[in-house]
Amino acid sequence: MILLPQARGIIARRQVLDTLVRRDLHVRYAGSPIGYLWTILDPLAMALIYFVVFTYIFEARRVGYQPYVLFIVIGVLAWQWFSQCATETSRALLAESRLVRSTNLPRELWVVRIVVAKGIEFLLSLPVMFGFAIFFIAVGETKIHYRILLMPVAIVLQFLLSVGVGLILAPVTVLFTDMPRIVRIALRMGFYATPIIYGVHAAPPVLQKILLLNPMAGILEMYRAGFFPHELNVPSIISSFVITFVTLIAGTIVFKRLEAPVLKEI
Amino acid sequence: MRPVIESKDLGIEFYRSRRRKMSLREIVFKGKNLAPKDTFWALRNISFTVEQGEAVGLVGGNGSGKSTLLKMIAGVMIPDEGGVKVRGGVAPLIELTGGFLGELTARDNLYLAGGLHGLSKAQMDERYDEIVDFAGPQVRAGMDMAYRHFSSGMQVRLAFALITTLDEPIVLVDEVLAVGDRAFREKCYLRMENMLAGGKTLFMVSHSEADLRRFAKRGLYLQQGTLVGDGPVEEIIEQYNADADAAR
Ligand SMILES: Nc1ncnc2c1ncn2[C@@H]1O[C@H](COP(=O)(O)OP(=O)(O)O)[C@@H](O)[C@H]1O
Ligand SMILES: [Mg+2]
C-alpha cells in the first residue's frame with residue numbers, strides 16, 4: 001500500500017508539524033505589524049485589477065457569473081493558495097536543507113508543512129470572501145445555496161492536490177536545477193488556464209474540454225457553487241477528484257524513489 | 001536480547017562530480033546520458049552488530065566513510081545496498097547546530113529543535129532549565145537574543161545541552177564528544193560518562209586516542225569504505241596506528 005504508511009508517519013509526528021507550522025506563521029506575522037493585512041491585501045489588489053480591467057475596459061463581465069467581484073475574489077484567493085504552495089514546496093527540501101539533513105523525520109513532512117501553513121493563511125483570508133458574499137446577499141444580487149457545503153470538500157481536495165504536486169516538485173528541484181524557473185512559468189500560464197477570471201461556460205468548446213484536465217477548475221467550481229446558481233459542472237468536479245488522487249499517488253511514488261539521491265545531494 | 005544496531009551488507013554509492021545536478025541546458029545541449037556514470041562506493045559490505053549498552057569507537061582516515069556510516073545509522077541518509085536496523089531512538093551529536101536557525105531567538109530555537117527531535121512543548125518546558133543551566137550563564141543571559149549573535153562556542157554549547165538531554169537510548173557522536181572551552185569540555189565528558197553509566201549505547205567517531213580509550217570498549221576500523229577491523233578498542237587503535245605509520 002502506498003499513501004497509508006506516509007499518512008501514518010506524518011500523523012505520528014503531528015507535534016513536529018505543529019511546531020513547524022507555528023514557526024512559519026510566526027515568521028510571517030511577527031515580521032510586520034500588519035502581517036495579516038498582507039495576506040488579504042495581495043489577492044484583493046489582484047481581484048481589484050481584474051475587476052477594473054474586465055468590467056470597465058473590456059466590458060466583459062459576462063465571462064464570469066454575477067456578481068463578478070465575488071466570482072473573482074473566490075478564484076484569486078484559492079489560486080493564491082495553490083500557486084504559493086507550488087512555489088514554496090518546490091524549494092521545501094533545499095531551503096531547509098540543514099534541518100532535513102540533521103533530523104530523522106518522515107521527509108514528506110517538509111512538503112505537508114508548507115501546504116498546511118499556506119492553508120491556514122488561506123482560511124484566514126476567507127472572511128474577506130464572506131464579507132463580499134454577505135454584502136451581495138444584502139443588496140440582493142446573490143443568494144446562499146445549500147451547495148455551499150461543497151466548499152469544505154473543495155478545501156480538502158485542494159489540500160491533497162497541493163501535497164501531491166509538492167511531493168513531486170520538492171525532490172525534483174533538488175536534482176534538477178532549472179525546476180523553479182519552469183514552475184514559475186507554468187504557474188503564470190496556469191493562472192489563465194484556470195477559470196479564475198472567467199467561467200468555464202464563457203470558454204470556447206475546445207477549451208472547455210481542455211479545462212477538464214485542470215483539477216483546479218473543478219475545485220473552483222465547488223468553491224463557487226454556494227453563491228452562483230448556475231448548473232453544476234459535474235464532469236469537471238469528477239475529473240478534479242480523479243486527477244487529485246492520481247497526482248497524490250504519483251507524488252508519493254516519486255518522492256519515495258528520489259528520497260535517497262536527494263539526501264546525498266542536499 | 002536483540003542488538004540495538006544491526007548493519008547488514010550496508011553500502012552507499014556517491015557521484016564523484018556534480019553530475020547529478022542536472023540543468024535544462026545540459027540536458028538540451030549534451031543529453032543527460034552522455035555524462036559518464038562517475039560514481040564510487042563510499043561504503044560497501046559493512047556488517048556488524050552493536051548490543052545494548054556497548055560503547056563502540058569508530059576509527060579511520062579522512063574520507064574513509066565514518067560520517068556517512070553515522071548518518072545512515074541516524075536515518076538521515078539512505079543506503080543503496082543492504083541496510084541498517086536501529087532499535088530505539090537516536091540522539092545524534094552529528095551536525096550539532098543543524099536544527100538551529102540564525103534568525104530566531106535562542107529560546108525559540110531551543111523549542112523548535114527540541115520539537116524536531118520529538119520533544120513536546122510540555123517536555124521542553126520541563127527540561128528548559130536543565131538545558132540552559134548546563135549550557136552555562138552566558139547562554140542563559142542571551143536566551144532572548146538572535147541565535148546568530150551567539151558566539152560559535154555558545155551556539156554549540158546550547159545545541160550539545162539539548163541533544164544530550166534527549167534521553168534516547170542510542171547516542172551517536174561524530175567528533176563532537178566535547179565542545180566549547182576547557183571548563184565546558186570537562187562538563188561534557190562528565191555528562192557523557194553519566195549517560196554511559198545509565199546504560200545507553202554509544203557509537204562514536206573520534207581521532208583522539210584518549211577519548212577512545214576513555215569511552216569506548218570496542219573498536220571498529222574503516223579503511224576506504226571497508227570494515228577492516230572489529231575488536232577491543234586497544235587492539236583497533238594499535239592496528240590503525242600501525243597502518244598510519246606504514247603509510248608514512
Ligand atoms: N553527500 C555526498 N555526496 C558525494 N560524496 C560524498 C557525500 N558525503 C560524503 N561523500 C564522500 O564519501 C567519502 C566518505 O566521506 P565521510 O563519510 O564524510 O568520511 P569521514 O570518514 O572523513 O567522515 C568521501 O570521499 C566524501 O567525499
Ligand atoms: Mg567525518
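Visitor: Which helix supplies the largest share of the nonpolar patch?
Guide: In this predicted model, a nonpolar patch on the surface includes Val153(A), Ile238(A) and Phe245(A) among its members. Together the residues of the patch have about 570 Å² of accessible area. The largest share, six residues, comes from chain A, from residues 234-265, that is, helix α12.

Visitor: Is Val246(A) buried or exposed?
Guide: Val246(A) is found in helix α12 of chain A and belongs to the nonpolar patch. A residue counts as exposed when its relative accessible area is over 50%. With a relative accessible area of 54%, Val246(A) is therefore exposed.

Visitor: Residues from which chains surround ligand 1?
Guide: Ligand 1 is surrounded by 13 residues, and Lys264(A) and Gly63(B) are among the closest. The site is therefore shared between chains, namely A and B.

Visitor: Which element supplies the largest share of the shell around ligand 1?
Guide: In chain B, β1 (5-15), β2 (39-50) and α2 (66-74) each supply at least two residues of this shell. The largest share is three residues, and these come from α2(B).

Visitor: What percentage of the area that ligand 1 exposes when taken alone does the protein bury?
Guide: Oxygen atoms of ligand 1 lie 2.7 Å from a backbone N or O atom of Gly63(B) and 2.8 Å from a polar backbone atom of Lys66(B). The side chain of Ser67(B) also places an N or O atom 2.7 Å from an oxygen atom of ligand 1. Taken alone, ligand 1 exposes 560 Å², and the share of this that the protein buries is 67%.

Notes. Residues numbered from 1 in each chain as written. Chains lettered and ligands numbered in written order. Predicted model: local features only at pLDDT ≥ 70, side-chain atom pairs only at ≥ 80, totals over all residues. Heavy atoms only, no water. Near = heavy atom within 4 Å. Polar contact = N/O pair within 3.5 Å; in protein donor to acceptor, adjacent residues only side chain to side chain. Areas by Shrake-Rupley, 256 points an atom, 1.4 Å probe, with all protein chains shown as cover. Helix = DSSP H or I, 4+ residues; strand = E, 2+ residues; numbered from the N terminus. Patch = residues over 30% accessible without salt bridge, like charges linked within 9 Å, V, L, I, M, F, W, Y side chains within 5 Å. Salt bridge = Lys/Arg side-chain N within 4 Å of Asp/Glu carboxyl O. Buried < 20%, exposed > 50% of the residue type's maximum accessible area, 1.4 Å probe, protein only.
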